Amino acid sequence: MGQQEKVATSLTGAVGEEISALLAPVDAELARRYPGDPGTRQPVHTVYVPGDVFAADTVRSWGDRALAALDEHAPDAASFAAVLGLADDLAEPVYSRVRAKLEREPIEDLRVDFEDGYGPRPDAEEDAAAARAARLIAEAAGSGTAAPYTGIRMKCMEAAVRERGIRTLDVFLTGLMAAGGLPDGLVLTLPKVTYPEQVSAFVRILEAFEKTHGLDAGRLGFEIQIETSQAILATDGTATVARMIQAAEGRATGLHYGTFDYSACLGVSAAHQASDHPAADHAKAVMQVAAAGTGVRVSDGSTNVLPVGPTDRVHDAWRLHYGLTRRALARAYYQGWDMHPGHIPTRYAAVFAFYREGFEQAADRLARYASRAGGDVMDEPATAKALGGYLLRGLDCGALDPAEVQERTGLTRAALEGFAAPRRGDLTASAQ
């Protein structure tokens, strides 16, 4: 074994104790502000349906309409692949999985909209629509036909619509409680947030509802929509969105970029309002950095170019949507908005292609890392975290099958989760 080295130190144990005491507040602050990703499933999209349009069959109807679009405009794997430029080896796996997804789970996240998509209505009409939404969502949750994530977007906290937004939220949540309680996967969306104080006010509303119904503190979380320039940059030059996350007091689950409101706020002309505009890239980059490590997830916005009309027009819209979705995935925006049933075939095609084309390389790299086998790439714990997260996202959406992932990596899902969400101390120590 060779000569045993003599180990000597100079610092006393008191020095370490002093440093630990000095940094104890920082340790606590790191744990509080940056708990890391929650490790739960993140939907690949959010579908917004106006409150007056939402119906008991909305999820199934969207799936059927998406399948009908495929039947009409891309009836087989070869034609769909030709439209999107898919590689030959991906054509059949992607197409078959898209069709299966549309039959099994066409919508992953559904938001009943009482904001822009609904507009101003008489109070009695909006009350009735909010109560109806609660009843239908409760019934769907009870029958197992609900989307994995479902909720509402109410009107914002600005003075002109604040009272109406609070009332709609109250009617909706009270209706759910009367129907048996809050369902799993419940999501609330707060739009047009400009000041952190609006987030704080929303937290107080949720606290009051929880106390009224004896719910656990923190049971109600919400997404923050970033739709104004002031949400990115405050008058004092600070990143407002970072302050919003803190103002949410642990309740914020996501930051959603609002493509068209944000673009209009900056004066971008209608023809150039898109999720790949430089102004959009800047806003989402700030959102991404502000959210990193906090457990708050970032979602891209939508395209308003609808795949409707003759086949050539549908194909053009599909190519645009597919390209924007792939672009977002490469930038680590794993969720986006879909505004029309014709968008979801290309949403899933882009997502499935993204995970399937990188599956073998990611699986092999993680397997080598786990077994310390080495290879042509020297991966670190942070990369193993990214590889584990990549495979888990692919599993959650249906792009990958559990059996093929375990066979290729030799790892169970629990092991993948261990790599994807290590504790902060484990990640730091293993990197030494």
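The paragraphs below lead through helix packing, salt bridges and a few individual residues of this predicted model.

Because the model is predicted, local features are given only where pLDDT is at least 70, side-chain atom pairs count only at pLDDT 80 or more, and totals for chains, interfaces and linings use all residues. Residues are numbered from 1 along each chain as its sequence is written, and side-chain values use heavy atoms, with hydrogens and water left out.

Helices here are DSSP runs of H or I with at least four residues, and strands are runs of E with at least two, both numbered from the N terminus; the axes are lines fitted to C-alpha atoms, for helices over the stretch in contact, and the angles run from 0 to 180 degrees between N-to-C directions. Helix 11 passes helix 12 in a right-handed crossing, a crossing being right-handed if the near helix is turned clockwise from the far one by less than a right angle, and left-handed if anticlockwise. On the side of helix 11 the contact (heavy atoms within 4.5 Å) is made by residues including Trp-318, His-321, Tyr-322 and Arg-326, and on the side of helix 12 by residues including Arg-347, Val-351, Phe-354 and Glu-357. By class, this contact of helix 11 with helix 12 has nine nonpolar, three polar and three charged residues, where Ala, Val, Leu, Ile, Met, Phe, Trp, Tyr, Cys and Pro count as nonpolar, Asp, Glu, Lys and Arg as charged, and the others, Gly among them, as polar.

Helix 11 also meets helix 2, and the axes of these two helices come within 10 Å and cross at roughly 120°. That makes helix 2 oblique to helix 11, and the crossing of the two is left-handed. Ala-69, Leu-70, Glu-72 and His-73 in helix 2 meet Thr-311, Val-314, His-315 and Trp-318 in helix 11, so that by class the contact has four nonpolar, three polar and one charged residues. In the loop between strand 7 (297-299) and helix 11 lies Ser-302, which counts as buried because its relative accessibility is 7%; buried means under 20% relative accessible area, exposed over 50%, and partly exposed in between, with a 1.4 Å probe and protein chains only. Leaving aside neighbours within four places in sequence, Ser-302 is in contact with Thr-259, Phe-260, Ser-275, Trp-337 and Met-339.

Attention now turns to charged pairs. Side chains of opposite charge can pair when their charged atoms come close. The structure holds 40 salt bridges, each a side-chain nitrogen of Lys or Arg within 4 Å of a carboxyl oxygen of Asp or Glu. One of them joins Asp-52 to Arg-121, with the closest N and O atoms 3.0 Å apart. Asp-52 lies in the loop between strand 1 (45-50) and helix 2 (58-73), and Arg-121 in the loop between strand 2 (109-113) and helix 5 (123-143), so this pair ties together parts that are 69 residues apart in sequence. Asp-52 is partly exposed at 41% relative accessibility, and Arg-121 is partly exposed at 24%.

Glu-126 takes part in two of the pairs described here. Lys-155 forms a salt bridge with Glu-126, the closest N and O atoms being 2.9 Å apart, and this pair links the loop between strand 3 (149-153) and helix 6 (162-178), where Lys-155 sits, to helix 5, which holds Glu-126, over 29 residues. The side chains of Glu-126 and Arg-164 meet in a salt bridge at 3.6 Å, N to O, with Glu-126 in helix 5 and Arg-164 in helix 6, 38 residues apart. Lys-155 and Glu-126 are both buried, Glu-126 having a relative accessible area of 1%, and Arg-164 is buried at 11%.

Asp-113, Glu-115, Asp-116, Arg-153, Lys-192, Glu-227 and Asp-261 are linked in a network of salt bridges. Within this group, Lys-192 has a positive phi of about 45° although it is not a glycine; Lys-192 is found in the loop between strand 4 (186-190) and helix 7 (196-213) and is buried, with a relative accessible area of 17%. Glu-249, also not a glycine, has a positive phi of about 55°, and is found in the loop between helix 8 (240-247) and strand 6 (252-257), where Glu-249 counts as partly exposed at 47% relative accessibility.

Methods
Parallel < 35°, antiparallel > 145°, perpendicular 65-115°, else oblique.
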